[in-house]
Amino acid sequence: MGRAFEFRKERKFKRWAKMAVQFTRLGKEIAMAVKAGGPHPETNSRLRTAIQNSKAVNMPKDRVEAAIKRASSKEEKDYEEIVYEGYAPHGVAVLVETATDNTNRTVANVRSYFNKTGGTLGKTGSLDFIFSRKSVFRFDPKELDLEELEFELIDAGLEDLFVEADEEGNDIAVIHTSFEDFGKMQKTLEEKGIEVKSAKLERIALSTTEISEEQAADVLKLIDKLEEDDDVQAVYHNMA
């Protein structure tokens with residue numbers, strides 16, 4: 001079948017692996033949302049957002065419903081959300097968001113990833129001057145007049161509105177607001193009938209570190225190890 005077939009097969013397996021990780025992380029997010037605000041998305045905005053994000057990555061509806069049902073059970077374990085901060089090789093700042101039912105396991109794993117790749121795990125709050133937590137919404141711009149929309153969203157806390165390309169190369173509109181304005185912006189977009197593809201709280205780097213391609217490869221070894229861990233929800237860095 002040749003190398004082309006093998007290449008396509010490898011890409012397919014990588015895509016499936018990535019989807020499996022996304023589904024696991026969204027399953028945890030759904031569980032935490034249900035534990036915090038109940039199993040009904042119409043009265044639980046965090047759950048509504050998690051379901052919305054699951055649709056964006058084509059998570060099967062039955063898996064979403066199963067996650068909600070499990071989380072509604074008293075026997076379902078609770079997850080603790082913990083943020084770890086440190087530096088990868090070559091001075092690149094790395095921030096790791098986790099959701100875990102065993103903090104000892106998680107901190108041991110995260111520390112070992114940093115140590116084995118030449119990085120160092122720091123203290124909580126040590127990267128506050130590098131990363132800012134923002135509300136980030138993504139949607140299909142379609143036929144919308146983004147200049148007019150930008151003006152209309154100012155009262156909802158809009159800080160920035162721009163267009164970028166998604167993984168398939170299609171245009172996607174991105175909104176940034178402050179961490180505190182997440183609910184206000186989410187409600188405003190719903191009222192305007194704008195179908196949001198994803199709504200998340202993300203860490204945005206306020207400054208970046210320039211490194212070479214060879215150095216970047218060292219940093220990516222750490223990021224890959226972190227992202228493969230089941231307890232890790234998101235990894236952020238300031239590598240340029």
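Student: In this predicted model, is strand 4 largely enclosed or left open by the rest of the structure?
Tutor: Strand 4 covers residues 131-139, nine residues in total. A residue is buried when its relative accessible area is under 20%, and seven of the nine residues of strand 4 are buried. Strand 4 is therefore largely enclosed.

Student: In which sense do strand 4 and strand 7 pair, and over how many bridges?
Tutor: Strand 7 is made of residues 196-205. Its pairing with strand 4 is antiparallel, and the number of bridges is nine.

Student: Which residue in strand 7 does Arg 133 stand opposite?
Tutor: Strand 7 pairs with strand 4 in the antiparallel sense. The residue of strand 7 opposite Arg 133 is Arg 203.

Student: Over how many bridges do strand 4 and strand 6 pair, and which residue is the bridge partner of Arg 138?
Tutor: Strand 6 (residues 171-178) is antiparallel to strand 4, with six bridges between them. In strand 6, the bridge partner of Arg 138 is Val 174.

Student: Which strands stand at the edges of the open sheet of four strands?
Tutor: The order in this sheet is 3-1-2-8, with antiparallel pairing.

Student: How many bridges join strand 1 to strand 3, and which residue does Tyr 87 stand opposite?
Tutor: Strand 1 consists of residues 80-87 and runs antiparallel to strand 3, with two bridges joining them. In strand 3, the residue opposite Tyr 87 is Thr 120.

Student: What radius of gyration does the chain have, and what would a compact globule have?
Tutor: The chain has 240 residues, and a compact globule of that length would have a radius of gyration near 18 Å. The value for the chain agrees with this. That value is 19 Å.

Student: What share of contacts between residues at least 6 apart in sequence join residues at least 24 apart?
Tutor: A contact here means heavy atoms within 4.5 Å. Among contacts in the chain between residues at least 6 apart, the share joining residues at least 24 apart is 69%.

Student: How far apart are the mean positions of the positive and negative charges?
Tutor: The chain carries 36 positive and 46 negative charges. The mean position of each set was computed, and the distance between the two is 7 Å.

Notes:
Residues numbered from 1 in each chain as written. Predicted model: local features only at pLDDT ≥ 70, side-chain atom pairs only at ≥ 80, totals over all residues. Heavy atoms only, no water. Rg over C-alpha atoms; globule rule 2.2 N^0.38 Å. Lys, Arg positive; Asp, Glu negative; His and termini not counted. Charge placed at Lys NZ, Arg CZ, Asp CG, Glu CD. Buried < 20%, exposed > 50% of the residue type's maximum accessible area, 1.4 Å probe, protein only. Pairing = 2+ DSSP bridges.
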